Amino acid sequence: MKDDSKAALPWLAMATLGVVFGDIGTSPLYTVSACLSALSISTTPTHLLAILSLILWALILIVAVKYAWFVMRADEHGEGGIMVLTALAARATPEGSRGRWVIFALGLLGAALFYGDGAVTPAISVLSALQGMEIASTRFTPFVVPLSVGIIVGLFWIQRRGTGTISRLFGPAMLAWFLLLFASGLGWVVQSPSVLRALDPWLGLHMLMNHGVGGFTILGAVVLAVTGAEALYADMGHFGARPIRLAWYFVVLPSLAFNYLGQGALLILHPAAAKNPFFEMFPHWATIPMVVVSGIATVIASQSIITGAYSATRQASMLGYLPRLTIRHTSAAERGQIYLPGLNWVLMISVILIILAFKSSNALSFAYGTAVTGTMLFTTILVFFVARENWQWPIWKASLFCGFFGLLDGVFFGANVSKFVDGGWVPVSIGVVVFTLMSTWRRGRKLLSQALAPSALSIPDFLGMMAVSPIDRVPGTAVFLTVRVGGIPHTLLHNLKHNKVLHERVVILTIQFETTPRVPRAERTTIRDYGEGIYGLTARYGFMEQPDIPEVLGTANLPFHWNPADTTYFVSRQHILPKAGGSLSLWRQRLFAVMLKASATAIDFFRLPANQVMELGDIVELPQRIQQPPTDP
């Protein structure tokens, strides 16, 4: 929960170290060595200073300026993340317009690449930490990959038990890590102060301009220094902007800068340390202890990515881009502590396969960079729309800022895509799969709603039928779930057809998910009395909230006394009959049918009492085309 009071600010800032900065905080483990591996020319002190210059100015421009100062202004009631940004950017565009479609497509692409990042981050982080054992002795080399796989299995296995208790130690642990980065780097900078010349941005620009493709390629490794920058924006809702900025400017940035400078100073004095400069900064006796410390830091970084993937998936589900998912809350006190079983095991298998395929952090560098830079580029484009419409910036100002950062992101993205076959295909492939799933689900749901609409009955017509042909009423309350406001649900008609009765009180309940993160409780419900004991209830939720139907019924101002034990919930489950020649291709219809079948039950998703639920099914053919212009992919 956010609390920006002066007393709480330092504690919140420390807490951000374990959640927000875990990813970027472990980048010194592999960034410099990846840059040296990507350099196609001999490494001289001049080239080394140029690499450090590029790393430092990437941290300043992309993280300190773009995210901490610029992007974090695009919040929705304090919440951030690419889903929030997409909703903000789309808000001012007309419904059904091509511009709105483009904005949603960019948002989906950015979110899809985030999953590629989520699969690569634990792999590269854990591998880079354990490769430090090779500095102590080459006898440890065969154990790096098996131990990495073991750590990943353990990390994902504990997710189901919740990480709330241990996560309280993440902040202090990462504070110790950053102090260690700062101290180790400062010691070497004192020995070779000439490395401070790397603060000159011209050194990096000079190398890029004079070494053509070779200089351009190295940017694909330099961007590893800013991996995790998106977390500043995505996790803003947990802590607020002030604690994140405080931690960045006063702890994280100085620690990272001095550690990179320290690695450079080490390499100037001892060029033979180029294989793994991070671990070579420490005495030989400290190598194994540093491997343990680094392993802890990388586990924390991986945990942050996993938690972020859970949150992003829940948001996408609430917004209608993914099916209903089984969500388990692992903490009674913290609503943000959730566990998604299906996603957890898919991520674990993906990470293990990546580790087995690449076997080293350097081999994974371009795979990592492609996912990160792609998301950064889409974020910049979306911020342009927010700056124009929400902040009311003039076109020249929005174009100046977004054009500069868009060019910067585009250069980094191009440098990574140029190494597509060397690993960039991994996150791109994951992103394509996720984008296909999201767009197929969204379009399939629209077609499904359209297929069910013609057979729907309006409430006035239903009340007229009741007046002509009275229906037997039975005691109790029936709650019928429907996505259509103002109509009679199919489940009600099916129940009436087969059971020939209607409950004394009927609540037609519609759950609506808004494009805002949260809906105030005072605005949660709207009730309408149609007469004859039939009521319409609409409950609105933000995409970061979890619906709870019994809670809604208990807190809504219903015009009758509601007895939870005397209530029956009626839900429907559709079964798709794929048919060639439709608006959705046959393979996507089959994919949609599988996703629909695999979606979580209404019992789990809406927290319904299982012994009070009746489920009725429909077999549906999707229509040939969508009648209205699509508003998103």
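This is a predicted model: local features need pLDDT of at least 70, side-chain atom pairs count only at pLDDT 80 or more; totals for chains, interfaces and linings use all residues.
Residues are numbered from 1 along each chain as its sequence is written, and side-chain values use heavy atoms, with hydrogens and water left out.

Across the whole structure, a search finds zero disulfides, a disulfide being a pair of cysteine sulfur atoms within 2.5 Å.

C35 belongs to helix 3, where T31, V32, S33, A34, L36 and A38 are buried as well. Helix 3 (residues 31–38) is thus mostly covered, with seven of its eight residues buried. Helices (H or I, at least four residues) and strands (E, at least two) are DSSP runs, numbered from the N terminus. In helix 1 (residues 9–19) lies T16, which is buried with a relative accessible area of 0%. Neighbours within four places in sequence aside, T16 is in contact with F21, F239, P243, I244 and A247; contact means heavy atoms within 4.5 Å.

Six strands form an open sheet in the order 7-8-6-4-9-10, with mixed pairing. Its edges are strand 7 (525–531) and strand 10 (613–620), each of which pairs on one side only; two strands pair if DSSP finds at least two bridges between them. From one strand to the next, the twist averages 25 degrees. Axes are lines fitted to C-alpha atoms, for helices over the stretch in contact, and angles run from 0 to 180 degrees between N-to-C directions.

Within the sheet, strand 4 (residues 472–481) and strand 6 (residues 501–513) run parallel and are joined by eight bridges. V474 has H503 in strand 6 as its bridge partner. Helix 23 (residues 490–499) packs on the sheet, where it touches strand 4, strand 6, strand 9 (567–576) and strand 10, and its direction makes about 105 degrees with that of strand 10.

At strand 7 the pairing is antiparallel: six bridges join this strand to strand 8 (residues 534–541). T525 has A539 in strand 8 as its bridge partner. The hairpin of strand 7 and strand 8 has two residues between the strands, and E532 there takes a positive phi near 60 degrees.

Note on methods
Buried means under 20% relative accessible area, exposed over 50%, partly exposed in between (1.4 Å probe, protein chains only).
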